[in-house]
Amino acid sequence: MAPGEKASGMVQAKSLGVAVSNTTKRGFFMAQTLVRFFAAVFTLAAICVMATSSQTIVLFGFTIKAHYSNSSSMRFLFVSDAIVSASSLLSLIFVYHLRRSGSGSSTKNIFFLFLHDMVIMVLAISGCAAATAAGYIGRYGEEKMGWMAVCNRVGIFCNHMMIAMVLSYLAFFSYFALTVMSSNRVMYGANDEHQSSERQACP
């Protein structure tokens, strides 16, 4: 192969690599934006369902009102959903800033994004797990502990809370996907930086 043809091939390969890299970055940020938006929508919907769900019954002459605030586990889910929702909206701004500033390829910035996603994912599953345990006892009771099921009396409230928990779990799975994407991007960026340093070291 002639030197001119070799140089032309190297230029074409480099241009193709840059185009593929830009396409990958564009797809990454688009996926990050969409999934974070869905996580915010899921948690906001769960908060609205919990805040507006209540049922009042009369039992043995006493008026009893079922509301999420009566359960510490449900209150924890409500607070965790609020934090996840707010963090999703703030991280959307951060991702948009990275995309606009062109610093989205920085491994350090993606690593910070990965840490954020991992912390929020753990918080989301903690709230879901606590609410699931309370919801299971409320629906089925616990005979060995002498805890009676209450969902047979406040079924409407329990059904609404189940919807809220399903939405919260969807938010958790959204952040699980974000964590996987961010971790892959961190490893991809670290590999690129390593290859770039090796090329610069070569004479």
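The dialogue below takes up the cores, the annotated spans and a surface patch.

Modeller: Please keep in mind that this is a predicted model.

Colleague: Which residues touch the most other members of the largest nonpolar core?

Modeller: In soluble globular proteins, nonpolar side chains tend to be buried together. Here the largest nonpolar core has 18 residues, and M50, Y68, V154 and M161 touch the most other members. Two or more residues come from each of α1, α2 (72–101) and α4 (155–201). Helix α4 gives the most to this core, with 6 residues. There is also a second, separate core of 9 residues, which includes V35, V84, I120 and F172.

Colleague: Which residues does Y68 touch?

Modeller: Leaving aside residues up to four places away in sequence, Y68 touches M50, A51, M74, R75, F78, F157 and M161.

Colleague: Which residues does UniProt list as "transmembrane region"?

Modeller: The unreviewed UniProt entry gives residues 34–64, 76–98, 110–134 and 154–178 under that name. An annotated span can then be compared with the model. Residues 76–98 are 100% helix and 0% strand, with end C-alpha atoms 32 Å apart. Residues 110–134 are likewise 100% helix and 0% strand, and their end C-alpha atoms lie 36 Å apart.

Colleague: Which residues make the nonpolar surface patch?

Modeller: M30, L34, F37, F38 and V41 make this patch, of about 480 Å². One of these residues, V41, is placed in helix α1 (residues 3–52).

Colleague: Why does V41 count as partly exposed?

Modeller: V41 counts as partly exposed because its relative accessibility is 36%, and that class lies between under 20% for buried and over 50% for exposed.

Technical notes:
Residues numbered from 1 in each chain as written. Predicted model: local features only at pLDDT ≥ 70, side-chain atom pairs only at ≥ 80, totals over all residues. Heavy atoms only, no water. Patch = residues over 30% accessible without salt bridge, like charges linked within 9 Å, V, L, I, M, F, W, Y side chains within 5 Å. Areas by Shrake-Rupley, 256 points an atom, 1.4 Å probe, with all protein chains shown as cover. Salt bridge = Lys/Arg side-chain N within 4 Å of Asp/Glu carboxyl O. Helix = DSSP H or I, 4+ residues; strand = E, 2+ residues; numbered from the N terminus. Buried < 20%, exposed > 50% of the residue type's maximum accessible area, 1.4 Å probe, protein only. UniProt positions renumbered as here; feature names shortened; annotations may be inferred. Core = buried A, V, L, I, M, F, W, Y, C linked by side-chain atoms within 4.5 Å. Contact = heavy atoms within 4.5 Å.
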